[in-house]
Amino acid sequence: MRITKVAKAGTLESNDILIMVMSSKSDRVELELESIVLQQFGDVIERVILHKVQEMGVEGITIKAQDKGALDYTIGARVETAIKRAI
Amino acid sequence: MLFMPGNNPSMLQDAAILGADSIILDLEDAVSLTEKDSARILVREALKTIDFSQVELVVRVNPMDTEFGPLDVDMIARVKPDTLLIPKANEEQIKIVDTMLDKIEAEEGYLAGSIKIIALIETALGLENVYNVIQASNRIVGVLLGGEDLTSDLGIERTKEGEEIFYARNKVATACRALKVDSIDTPFTDTNDFEGLAKDTAKAKSLGLTGKSAINPRQIEIIHSVFSPTEAELKHALKVLEVMQQAEKEGKGVCSLEGKMIDAPVINRARNTVALGRSLGLLER
């Protein structure tokens, strides 16, 4: 599945994450991640985002994520919302 | 019962530890129209992930006559909240939710009837019909009175004193008592007026309502203190039940305590007081 629009979900409030998704020219999933806990949890956040993208069967997507300390459930929810809004 | 906005991760994460008996994750008034989809997914993920086992978990969905209500029920019921709070409740909408829940429970392999409903009575029509609304589904475990929307529907001013909802409180309390479900009072909306909150809560309790909703965690302690039976009330209730049991053993039809006859209403009140004391952890179970 490919997305067709640019869409956002989430906020920049603490414990939340702002996700922006857009279509990519390639079939790859490209991720730009900023996080206040990048050093400690960057790998985990990236894994949660990519897992959700894979679970939804999306290809050719660029994701920009600005994390403010979101837990996994919030990250997954915001990625899902952004992708559904972009379809 | 504490209302928490459904699209705020911080508040969702803290909801279970704030001391409320029930939390209401709100998908309706606390969420803007453009964020309904986002909140619905966030609440679903929160229910799947966060341990809310210490509290009754209620989700307020959007009204069933909006485009959001049926989508909320379909997504949220599948992760099995304890209860759904149905706004602008009337018989027809309760029956629609009941039918949807029958189907979802069967599809998900949940016990039939295990997801409960609280009806939010906040229209003149709903109020006048509250008895039938409660009877519209076996899932209904309580009614929450929504004072703000009700007074808006009635075209009258909402005041701190609350005289304008006197009839509504009486009507809800009586119907709920008759059908043995909980009656929960409308929230007190001035979150800085604790004296006003205590008075408002005491008024609701005096009219027979069995609980009160809160919109700020700072309101919980006062609400609990008003609804908790005092030590003297608990002692008296236990003594009444003791005297009654003794009379039963001795085959006496009538008994008395401190010169006052103990009859069925006194015994029922004592039983209710003891049950409330146990539920609040003031007595051993």
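In chain A, confidence is lowest in strand 3, residues 29–35, at a mean of 95, and highest in strand 1, residues 7–9, at 98. The score in question is pLDDT, the predictor's confidence in each residue, from 0 to 100. Chain A has a mean pLDDT of 95, and 100% of its residues reach 70 or more. Helices (H or I, at least four residues) and strands (E, at least two) are DSSP runs, numbered from the N terminus.

This is a predicted model, in which local features need pLDDT of at least 70 and side-chain atom pairs count only at pLDDT 80 or more, while totals for chains, interfaces and linings use all residues. Residues are numbered from 1 along each chain as its sequence is written, and chains are lettered from A and ligands numbered from 1 in the order in which they are written.

I turn to the helix pair within chain A. Helix 1 (residues 38–55) packs on helix 2 of chain A at an angle of about 40°, with the axes 9 Å apart; axes are lines fitted to C-alpha atoms, for helices over the stretch in contact, and angles run from 0 to 180 degrees between N-to-C directions. Helix 1 of chain A is therefore oblique to helix 2 of chain A, given that angles under 35 degrees count as roughly parallel, over 145 as roughly antiparallel, 65 to 115 as roughly perpendicular and the rest as oblique. The crossing of these two helices of chain A is right-handed, the term for a near helix turned clockwise from the far one by less than a right angle, with anticlockwise being left-handed. Helix 1 of chain A contributes Ile45(A), Val48(A), Ile49(A), Lys52(A) and Val53(A), and helix 2 of chain A contributes Asp72(A), Ile75(A), Gly76(A), Val79(A) and Glu80(A). Two residues are in contact if their C-beta atoms, placed from the backbone, lie within 7 Å. By class, this contact holds six nonpolar, one polar and three charged residues. Here Ala, Val, Leu, Ile, Met, Phe, Trp, Tyr, Cys and Pro count as nonpolar, Asp, Glu, Lys and Arg as charged, and the others, Gly among them, as polar.

Next, the contact between the chains. It takes 13 residues from chain A and eleven residues from chain B. On the side of chain A, helix 2 (residues 72–86) gives the most, with seven residues. Helix 2 of chain A packs against helix 2 (residues 36–49) of chain B at about 150°, the axes being 9 Å apart, and the crossing is right-handed. Among the residues of this pairing are Tyr73(A), Ala77(A) and Lys84(A) on one helix, and Ile41(B), Leu42(B) and Glu45(B) on the other.

Finally, some individual loop residues. Which of them have a positive phi without being glycine? Lys88(B) does, at about 45°, and Glu258(B) does, near 50°. Lys88(B) lies between strand 4 (83–86) and helix 4 (91–108) of chain B, and Glu258(B) between strand 9 (255–257) and strand 10 (260–262) of chain B. Lys88(B) is buried because 22 other C-beta atoms lie within 10 Å, whereas Glu258(B), with 8, is exposed. A residue is buried at 20 or more other C-beta atoms within 10 Å of its own, exposed at 12 or fewer, and partly exposed in between, C-beta atoms being placed from the backbone. Val37(A), in the loop between strand 3 and helix 1 of chain A, counts as partly exposed, with 13 such neighbours.
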